[in-house]
Amino acid sequence: PHATALWPPATAKATPTKPAGAAGFVGVALAVAGGQSAVAWGFSDRIALAAAGARRATREEQRYLVNVAEAVAIGAGVPTPRVFVIDDPAPNAFATGRDPSRAAIAVTSGMLEVLDRQELEGVVAHEMAHIRNYDIRFMSFLAATVGAIVVLRDLVWRWMRFGRRRSSGGGRGQALALVAVLVLVVLAPIM
């Protein structure tokens with residue numbers, strides 16, 4: 001009985017590894033990235049239009065543009081997308097959305113000023129091709145995925161940088177997080 005009382009020595013303290021803490025963090029990081037992806041996927045068209053400062057084109061203000069969009073949509077065999085105007089002198093246009101029924105086309109005021117009807121039809125037809133070929137879905141998915149990877153990378157990087165100060169161990173949890181950081185650091189710039 002006396003020999004067992006000497007082991008372990010009173011000065012030696014076990015340093016707990018915290019794989020549960022690392023797993024909890026990874027779970028929270030995945031939940032945040034998943035939520036961010038869901039929002040980006042669900043509202044990709046609204047986010048892109050709001051970021052560009054687009055306003056809805058009305059028949060009263062932009063009859064010319066709305067008529068062109070309707071005519072090209074009929075020719076392409078897709079539902080007429082929502083049409084927006086961006087107050088910007090630079091000639092530009094883009095299509096956004098997840099599918100033809102939720103699509104939108106945005107055209108800058110600069111483009112409306114410099115193009116005649118045939119040229120505008122060509123630009124709108126180009127954007128309509130993105131809608132018909134589901135390029136807009138691919139770009140929405142890509143933006144959501146890249147955003148999630150960047151958020152995950154940032155969360156894991158911050159956890160690795162600042163979270164270590166609170167725990168002296170780390171063990172397997174930090175090794176796993178380090179591998180995740182390295183993978184995300186490589187993937188984020190590529191995507």
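What follows is a close look at one helix and then at the cores.

Biologist: Which residues of helix 3 are buried, and which exposed residues does the face turned away from its buried side carry?

Modeller: A word on the basis first: this is a predicted model, in which local features need pLDDT of at least 70 and side-chain atom pairs count only at pLDDT 80 or more, while totals for chains, interfaces and linings use all residues. Residues are numbered from 1 along each chain as its sequence is written, and side-chain values use heavy atoms, with hydrogens and water left out.

Helix 3 spans residues 44–52; helices here are DSSP runs of H or I with at least four residues, strands are runs of E with at least two, and both are numbered from the N terminus. The buried residues of helix 3 are Ser 44, Asp 45 and Leu 49, where buried means under 20% relative accessible area, exposed over 50%, and partly exposed in between, with a 1.4 Å probe and protein chains only. These three lie on the same side of helix 3 because they cover an arc of only 125 degrees around the axis, the arc being that of the directions from the helix axis to the C-beta atoms. Arg 46, Ala 50 and Ala 51 are the exposed residues on the face turned away from that buried side. After helix 3 comes Gly 53, with a positive phi near 70 degrees.

Asp 45 has a relative accessible area of 9% and is therefore buried. Leaving aside neighbours within four places in sequence, Asp 45 is in contact (heavy atoms within 4.5 Å) with Arg 82, Thr 96, Gly 97 and Arg 102. Ser 44 counts as buried because its relative accessibility is 12%, and, not counting residues up to four places away in sequence, Ser 44 touches Val 39, Thr 96, Gly 97, Arg 98 and Ser 140. With Ser 140 there is also a polar contact, side chain to side chain, at 3.0 Å; such a contact is a pair of N or O atoms within 3.5 Å, and within protein one must be able to donate a hydrogen and the other to accept it, while residues adjacent in sequence count only if both atoms are side-chain atoms.

As for the cores, the largest nonpolar core has 24 residues, and Leu 65, Ile 105 and Ile 131 are among those that touch the most other members; a nonpolar core is a set of buried Ala, Val, Leu, Ile, Met, Phe, Trp, Tyr and Cys residues joined through side-chain atoms within 4.5 Å. Helix 4 gives the most to this core, with seven residues.
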